[in-house]
Amino acid sequence: MAKFIHTMIRVRDLPASLQFYEEVFGLRTSHRLDFPDFSLVYLRNDESDAELELTWNKGREEPYTHGDGYGHIAMVVDDANQRHAELVANGYAPLPVKEFKNGDVLLARFFFITDPDGYKIEVLEKHGHYR
């Protein structure tokens, strides 16, 4: 039904984070998306297809705290719109389906849902990088 694909953390010093995760866990860059204000760097190793997403907000100087260091876990499904409708029909309240684009190119179709403890879960449609 769903496959765990990545979790995300925010980092202030991307080169230091890349070095740490490679040296400590053998995680290397598998995919990278660079935008004017932020970069998304996906790390993985040969042990798992699951990835750690490092989000680097360019220009941020102050350290992140638990309160503003937003993170999520992500699952992938065949059809985001269909799964969204199924969840609504079953009494859940997922946020609306959205699309993430780079110009006219669709990068991802997704929605978020919150678990009983308030943890946000991103549900992505299988597409492009998100498999």
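This is a predicted model: local features need pLDDT of at least 70, side-chain atom pairs count only at pLDDT 80 or more; totals for chains, interfaces and linings use all residues.
Visitor: What is the average pLDDT of the chain?
Guide: The chain averages 91. Of the residues, 95% score at least 70.

Visitor: Where is confidence lowest, and where is it highest?
Guide: Lowest is β5, at a mean of 88. Highest is β2, at 97.

Visitor: OK, the fold. In what order do the strands of the sheet run?
Guide: The order is β2-β3-β4-β1-β5-β8-β7-β6. Those eight strands form an open sheet with mixed pairing.

Visitor: Which are the edge strands?
Guide: β2 and β6. Each of them pairs on one side only. The twist from one strand to the next averages 30°.

Visitor: Parallel or antiparallel: how do β1 and β4 pair?
Guide: Parallel, over six bridges. β1 covers residues 3-11 and β4 covers residues 48-57. Within that region, I9 stands opposite L54 in β4.

Visitor: And β2 with β3, parallel or antiparallel?
Guide: Antiparallel, again with six bridges. A hairpin of three residues joins β2 to β3. L33 has L40 in β3 as its bridge partner.

Visitor: How many bridges join β3 to β4?
Guide: Seven, and the two strands run antiparallel. The hairpin between β3 and β4 goes through two residues. N45 stands opposite S48 in β4.

Visitor: Which strands does α2 lie across?
Guide: Helix α2, residues 80-89, lies across β5, β7 and β8. α2 runs at about 15° to β7.

Visitor: Switching to packing. How many residues are in the largest nonpolar core?
Guide: It has 13 residues. Those with the most contacts inside it are I5, L33, Y42, A108, F110, L124 and Y130.

Visitor: Which strand supplies the largest share?
Guide: β7, with four residues. β3, β5 and β7 each supply at least two.

Visitor: Aromatics next. How many pairs are there?
Guide: Seven in the whole structure. One of them is F35 with F100.

Visitor: Why does the F35 and F100 pair count as tilted?
Guide: The planes of the two rings are at 50°, so the pair is tilted. The ring centres are 5.7 Å apart.

Visitor: Where do F35 and F100 sit in the chain?
Guide: F35 is in the loop between β2 and β3, and F100 is in strand β6. They are 65 residues apart, so this pair links distant parts of the chain.

Visitor: Buried or exposed: what about F35?
Guide: Buried, at 12% relative accessibility. F100 is partly exposed, at 22% relative accessible area.

Visitor: What about F110 and F112, which kind of pair do they form?
Guide: Edge-to-face, with 90° between the planes and 6.0 Å centre to centre. Both residues are buried.

Visitor: Last one. Which residues form an aromatic cluster?
Guide: F20, Y21 and F25 form one cluster.

Technical notes: Residues are numbered from 1 along each chain as its sequence is written. Side-chain values use heavy atoms; hydrogens and water are left out. A nonpolar core is a set of buried Ala, Val, Leu, Ile, Met, Phe, Trp, Tyr and Cys residues joined through side-chain atoms within 4.5 Å. Buried means under 20% relative accessible area, exposed over 50%, partly exposed in between (1.4 Å probe, protein chains only). Rings of Phe, Tyr and Trp (its six-membered ring) pair if their centres lie within 6.5 Å; planes under 30 degrees apart count as stacked, over 60 as edge-to-face and the rest as tilted. pLDDT is the predictor's confidence in each residue, from 0 to 100. Two strands pair if DSSP finds at least two bridges between them. Axes are lines fitted to C-alpha atoms, for helices over the stretch in contact, and angles run from 0 to 180 degrees between N-to-C directions. Contact means heavy atoms within 4.5 Å.
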